[in-house]
Amino acid sequence: MAATIFEFFGYRSDDASDVAKRAADTETCPISGDTCQKSFNDGVVSGVCAIKPITSEPVICCPIRLYADDYRILSGIADRVFGPNLKLVAGRDAVKHSIDHQEECVAVFGKGWGGELRLPQKSKKGGYFVDWVLAKLSNQGELIEFVAVEVQTIDTTGTYRPGYDALKADRSIEKTTAGLNWENVAKRILPQLIYKGQILQREELCRSGLFFVCPAPVFERIMERLGGQEGLIRYALQPASITFAVYDYDMPDKPAPESLIPLKNTLNHSTTVYKVQEAFNNVTLPVENVYRDAILRALGSSTGE
């Protein structure tokens, strides 16, 4: 597979403005305001937000890219679950805020806010982190309810280092061997979603289950693995919910330099963890003897018993 770097330190790779160049020179993520957290194995900061396969649309590969517009994905979920316009406050600071201002608010637990919360495994060894927990507090700082949020982009295969070098040198775009690791959809993403969803449905204060935020191409691959969106019947929010919150580029006809491409929420689809697990387990098998035929082809033979 071949691909080019689509966004570099937040800006389109073909944006040659001073603002875009400055972000790359200082290795600054314009969304977080800090140094980009993505790096190569040798520690060099990569700055790659999204890659574009030669034959398809660009795909976001950095979760922080989804946190644009001051974490709009989180405020959007809070508005839907808890009601509109509640202030998001980092972790434990939310208790003081609610008491001092005599108002309900949302305590946010996640990286860069109140710290991530771990879901223990049954063996009590290790466990999974939930990316975000949004907890609604009363005007006295008491916990009313909460919702969990997972944010997932896609890992890459191959390397986009030549593309990085070209953009760093003279802002030129070069093809790379980078690809997208779609196998992780079945191997890692879906099993974790099912596991976390089953735990959260047993929580008396988690009344809206789990939200899964991802780019549109990732959602499309998940639906392919699960046999299509039509098989995941819509349900109202409930403790056993898994809600797919899908985001994509809101691509303008004439992209302006010095600006990030805005994102739009293209779909919110709520189903249940039971429906996701049922679809995940319903594997469509290939025709019989595919291994035998592959071996025969490798041996240079086209026949066999």
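How much space lies in the largest cavity? About 70 Å³. The model is a predicted one.

1. **Cavity count and lining.** The count comes to one cavity of 30 Å³ or more. The residues lining the largest cavity include four cysteines: Cys-29, Cys-36, Cys-49 and Cys-62. Phe-9, Thr-28, Ile-31, Gly-47, Val-48, Ile-64 and Arg-65 line the largest cavity as well. By class, this lining has eight nonpolar, two polar and one charged residues.

2. **Largest pocket.** The largest pocket holds about 820 Å³ of space. Its lining is made of 34 residues. Nearest the pocket centre lie Pro-63, Ile-64, Tyr-67, Asp-131 and Val-151. Ile-64 is also named in the lining of the largest cavity.

3. **Who builds the pocket.** Two elements give two or more residues to the lining of the largest pocket: β10 (143-151) and α5. Helix α5 gives the most, with five residues. By class, the pocket lining has 17 nonpolar, eight polar and nine charged residues.

4. **Helix pair α5 and α7.** Helix α5 covers residues 183-200, and helix α7 covers residues 273-281. Their axes come within 9 Å. They cross at roughly 145 degrees. The crossing of α5 past α7 is left-handed.

5. **The α5 and α7 contact.** On the α5 side, the contact is made by Ala-186, Leu-190, Pro-191, Ile-194, Gly-197 and Gln-198. On the α7 side, Val-273, Val-276, Gln-277 and Phe-280 take part. The contact has seven nonpolar and three polar residues, and no charged ones.

6. **Sheet order.** Four strands form an open sheet. The order is β2-β1-β3-β4, with antiparallel pairing. Strands β2 (11-12) and β4 (59-60) stand at the edges. Each has a single partner strand, so one side of each is left without a neighbour in the sheet.

7. **Pairing of β1 with β3.** Strand β1 spans residues 3-8, and strand β3 spans residues 48-53. The two pair in the antiparallel sense over five bridges. Thr-4 has Lys-52 as its bridge partner in β3. Val-48, at one end of the β3 range, is also among the residues lining the largest cavity.

Notes: Residues are numbered from 1 along each chain as its sequence is written. This is a predicted model: local features need pLDDT of at least 70, side-chain atom pairs count only at pLDDT 80 or more; totals for chains, interfaces and linings use all residues. Side-chain values use heavy atoms; hydrogens and water are left out. Axes are lines fitted to C-alpha atoms, for helices over the stretch in contact, and angles run from 0 to 180 degrees between N-to-C directions. A crossing is left-handed if the near helix is turned anticlockwise from the far one by less than a right angle, and right-handed if clockwise. Contact means heavy atoms within 4.5 Å. Ala, Val, Leu, Ile, Met, Phe, Trp, Tyr, Cys and Pro count as nonpolar, Asp, Glu, Lys and Arg as charged, and the others, Gly among them, as polar. On a 1 Å grid over the protein atoms alone, a cavity is a set of points where a 1.4 Å probe fits but cannot get out, and a pocket is an open set with protein on both sides within 12 Å along at least five of seven lines; lining residues have an atom within 4 Å of a point. Grid points are joined across faces, edges and corners, and a volume is the space filled by probe spheres set on the points. Two strands pair if DSSP finds at least two bridges between them.
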